[in-house]
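Me: I would like to go through this structure with you, asking at each step what a term rests on. Please set each value against its definition before you conclude.

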Amino acid sequence: MKSFNWHDMLRGHSIFSSLREDEIANLLRDEISQEHSYAPGTTIIKEGDAGDSMFLLSVGSVQVALTGNGGPMVRLAVIQAGEIFGEMAVLERKPRSATVFAAEHCLLLEIGGTDIRQLLEAHPAMQVKLYTVARDRLSHWFRSLGPGESRGNN
């Protein structure tokens with residue numbers, strides 16, 4: 001059972017707003033999505049790990065960082081309530097591209113990748129929005145790395 005009103009959040013979210021009521025209800029089934037709560041400092045996803053889900057953050061914020069091959073952690077971004085993360089692994093079907101940890105107490109909804117990809121096929125506008133988020137995020141991250149820096153695991 002989910003404690004947060006995810007229905008209203010999905011209904012008003014720019015990526016999910018084109019979904020029909022039955023599609024939102026389906027996304028919120030326990031077989032499709034799970035609600036998670038994380039304490040500050042807790043690792044949510046780890047760079048390089050397999051993963052086929054994305055997350056919608058309702059409360060708090062998370063820190064995104066690259067850890068590479070034992071080098072220093074490079075902080076890339078802070079993701080705030082109302083934003084998504086984990087979409088790159090879902091879209092590319094590759095391991096997680098970054099480590100994400102709770103910057104403060106956070107509550108999030110984890111949605112399975114297979115279900116997201118089915119919705120993207122049925123809703124081209126949703127697909128464009130999600131790919132735009134991923135593109136903009138990557139562009140910002142590469143700029144934040146600065147010249148001469150690398151991930152260390154290419």
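Me: What share of the contacts in the protein with a separation of 6 or more comes from residues 24 or more positions apart?
Reply: Such residues account for 76% of those contacts, where a contact means heavy atoms within 4.5 Å. Please keep in mind that this is a predicted model, in which local features need pLDDT of at least 70 and side-chain atom pairs count only at pLDDT 80 or more, whereas totals for chains, interfaces and linings use all residues. Residues are numbered from 1 along each chain as its sequence is written, and side-chain values use heavy atoms, with hydrogens and water left out.

Me: How do you know where the predictor is confident in the protein?
Reply: The guide is pLDDT, the predictor's confidence in each residue, from 0 to 100. Its mean over the protein is 88, and 90% of the residues reach 70 or more. Confidence is highest in β1, at 98, and lowest in helix α5 (residues 124-145), at a mean of 80. Over residues 150-154 pLDDT stays under 50, and for this stretch the model has 9 contacts beyond four places in sequence.

Me: What makes the radius of gyration of the protein agree with that of a compact globule?
Reply: The radius is taken over C-alpha atoms, and the globule rule is 2.2 Å times the number of residues to the power 0.38. For 154 residues a compact globule would have a value near 15 Å, and the protein has 15 Å, so the two agree. Along the principal axes, the C-alpha atoms fill a box of roughly 50 × 35 × 25 Å.

Me: How many helices and strands are there in the protein, and what counts as one?
Reply: There are 5 helices and 8 strands, both being DSSP runs numbered from the N terminus, with helices (H or I) of at least four residues and strands (E) of at least two.

Me: Why are β2 and β5 said to stand at the edges?
Reply: Two strands pair if DSSP finds at least two bridges between them, and an open sheet of 4 strands has the order β2-β7-β4-β5, with antiparallel pairing. β2 (43-45) and β5 (74-80) each have a single partner strand, so one side of each is left without a neighbour in the sheet. Strand β4 (residues 61-66) is joined to β5 by 6 bridges, and within this pair Q63 stands opposite V78.

Me: What makes β3 and β8 a pair?
Reply: Strand β3 (residues 53-59) and strand β8 (residues 106-112) are linked by 6 bridges in the antiparallel sense, against the at least two that pairing requires. L57 faces L108 in β8, and the bridge partner of S53 in that strand is G112. Both strands belong to an open, antiparallel sheet in the order β1-β8-β3-β6. Helix α4 (residues 113-122) lies across β3 and β8, running at about 70 degrees to β8, an angle taken from 0 to 180 degrees between the N-to-C directions of axes fitted to C-alpha atoms, for helices over the stretch in contact.

Me: Why is H13 called buried?
Reply: Buried means under 20% relative accessible area, exposed over 50%, and partly exposed in between, with a 1.4 Å probe and protein chains only. H13 has 10%, and is therefore buried. The residue is found in the loop between α1 (6-12) and α2 (21-27). Its side chain reaches the backbone oxygen of G82 at 2.8 Å, which meets the limit for a polar contact (a pair of N or O atoms within 3.5 Å; within protein, one must be able to donate a hydrogen and the other to accept it, and residues adjacent in sequence count only if both atoms are side-chain atoms). Leaving aside neighbours within four places in sequence, H13 is in contact with L56, G82 and I84.
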